[in-house]
Amino acid sequence: MMKELRFALYATKKNIQGSAELRTSFLTNIAGMAINNTAFIIIWVFFVKSVGVVNGWTSADIIGLLGFGTLSFGVVFSAAAGIRKLADYVANGRFDHFMLSPKNLLVRIATSSFNASGVGDIIFGIACLTTYALLIHASIYQVLLIVLLIAISTIMFLSIAVAIYSVSFLFTDANPVTSGLFELFFTPSIFHGGAFHGVTRVIFTFIVPSLVVGALPVEIVRNISLEKLLLVSVLSFVWFFVSLKLFSMGVKKYESSNFMTFGG
Amino acid sequence: MNNDSIIVSSLSKRFSFPVKNQSAGWVKNLFVPEIKEIKAVDNISFSVKSGERVAFIGPNGAGKSTTIKMLTGILFPTAGSISVLGLDPAKDRKKLAYKIGTVFGQRSQLLPNLPLTDSLEFFGVMYDLSDKQIKIRIAELVELFNLGSFINQPVRKLSLGQRMRAEVASSLIHKPEIIFLDEPTIGLDVVAKKSLRDLLLKINNEEGTTIFLTSHDVGDIESLCSRTIVINHGTLVKDLPTQELARSFIREKYVDVTPEKTFDSFPELPSGLRYAVKEKNKITVVVDIEKITTQEALRKLLNVFEVDDIDVYNTSLEAVIRNMYESNPPRS
């Protein structure tokens, strides 16, 4: 376990160094993503100001929602950006290299790439959650809940990403399918939380668990709801183990290919 | 004690994929495609002793890479069994990875944007070497592979020859017992090829590393491998010492004849002999040794021509291998 962790941290460090070698691209990616997210939050805050509070959701809640969403997205797709490349790795045969590694296959793949724009998401997510905590005058208890829910939503995000990109093993050129599935999951996760009730809330909690990433954590912090905290914890861990199973089943279907590739 | 590093028994690998049915419409082809199955590797068995240098050769699509991928745990066999250093690659992939090294000539495993030294260090950490062990091993490899002049250069700026040396060095960071090389000299110039071959011989001699290599380059096979296994259409065609490969497959000899003055006419040759080159200052005659002995062929040629000099030689190994591939047509 410690050896896996040592390697994962080392690989992430080398990925950041490798990415930072291309300085302009590195800095532009980070700044670009922060600006993109800021524009997005301005739109939502103005929307809430125009239509008023919807199902108890204020503009502060929207800031919290985007904080959880972008932070989990940033953490997963910066440090574990390799997951998003799985379809390409499988299609061009670069997956072979990872199969030859003595390390855990999923860790090796996740840490095979670094996405600088994810750092922009992380910075933005932290800024949003800090603002959210200040706006709702969060108690110590709520601050601790925010920290715990960051971990839970990141685990859920990682699990769904692994499950979706494991589809890459099933057929060639899976990029359009994985992108579609990912949008199906991610778009609702940063959508106004007040819009989901009844059947849509059930679907986007239990079938496509988008609400576990942002909307439910905000409601948990706002209402200090331990029932919902238990629900998102259980769902995250169930999806975590399901995604590991899907990934290992996918690996067994891997059929290599012989395109020329470059890079570790 | 059994010193076999690799034992392969009745190994097969089948792939299936959809094929277009010309008589069916595009809708049927899209939703209910015909599935074709190919046997990439078909019931092959062989073993490799510890410290051996084996060439695993065959034409494109023969099943070489598929076999190497099964030996290293990348692909799972459809049938048969594999033991590499006592481990089953399909079940013990991670354990096996600590004991083997791999180089794929068409794929780089190095970190392109960082100096080469970072890639070597990266693999050291991946194989759980301590910082001290990594430092010592990098120093050994830098000296062995003469990497000193470009160790601090980003990998993407290395020449192909330098990169291949670096690839082999990085695959040896953990002192593997076997190194699998899939076309390691592809695209290299003659100097870089020789340098890489010399290095591989050196690690075989000095570190006892077993070498299992696929290549289309006859030079790799002749200068590096003491044994050659030939595979074609997924089946094992030959398995013999490389030196015997040429001898046992030679069906023809070549005779260069230099005239006393010049050749003015080219008379018809006896059965078993044919012209390969017809020039005024030299002819080359191909002797079919299944029809006529070399001695008899020379006697007949001396009767026909006024000869100043004569030179008899064998077909090149390349021609032998070409004939072998061509005489083993695909199965229907």
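The model is predicted: local features need pLDDT of at least 70, side-chain atom pairs count only at pLDDT 80 or more, and totals for chains, interfaces and linings use all residues. Residues are numbered from 1 along each chain as its sequence is written, and chains are lettered from A in the order in which they are written.

**Chain A with chain B**
- 26 residues of chain A are in contact with 29 residues of chain B (C-beta atoms, placed from the backbone, within 7 Å).
- On the chain B side, H2 (64-71), H3 (93-97) and H4 (116-126) each supply at least two residues (helices are DSSP runs of H or I, at least four residues, numbered from the N terminus).
- H4(B) gives the largest share of that side, five residues.
- The chain B side has 14 nonpolar, nine polar and six charged residues (nonpolar: Ala, Val, Leu, Ile, Met, Phe, Trp, Tyr, Cys and Pro; charged: Asp, Glu, Lys and Arg; polar: the others, Gly among them).

**Helix pair in chain A**
- H3(A) (residues 59-79) and H8(A) (residues 140-165) pack at about 55°, with axes 9 Å apart (axes are lines fitted to C-alpha atoms over the stretch in contact, and angles run from 0 to 180 degrees between N-to-C directions).
- Residues making the contact include Phe68(A) and Leu71(A) of H3(A), and Phe157(A) and Leu158(A) of H8(A).
- The residues of this contact divide into 10 nonpolar, three polar and no charged.

**Domains of chain B**
- Chain B is assigned domain 1 (4-247) and domain 2 (251-314), with bounds from an automatic or database domain assignment.
- The centres of domain 1 and domain 2 of chain B, taken over C-alpha atoms, are 44 Å apart.

Key:
Contact = placed C-beta atoms within 7 Å.
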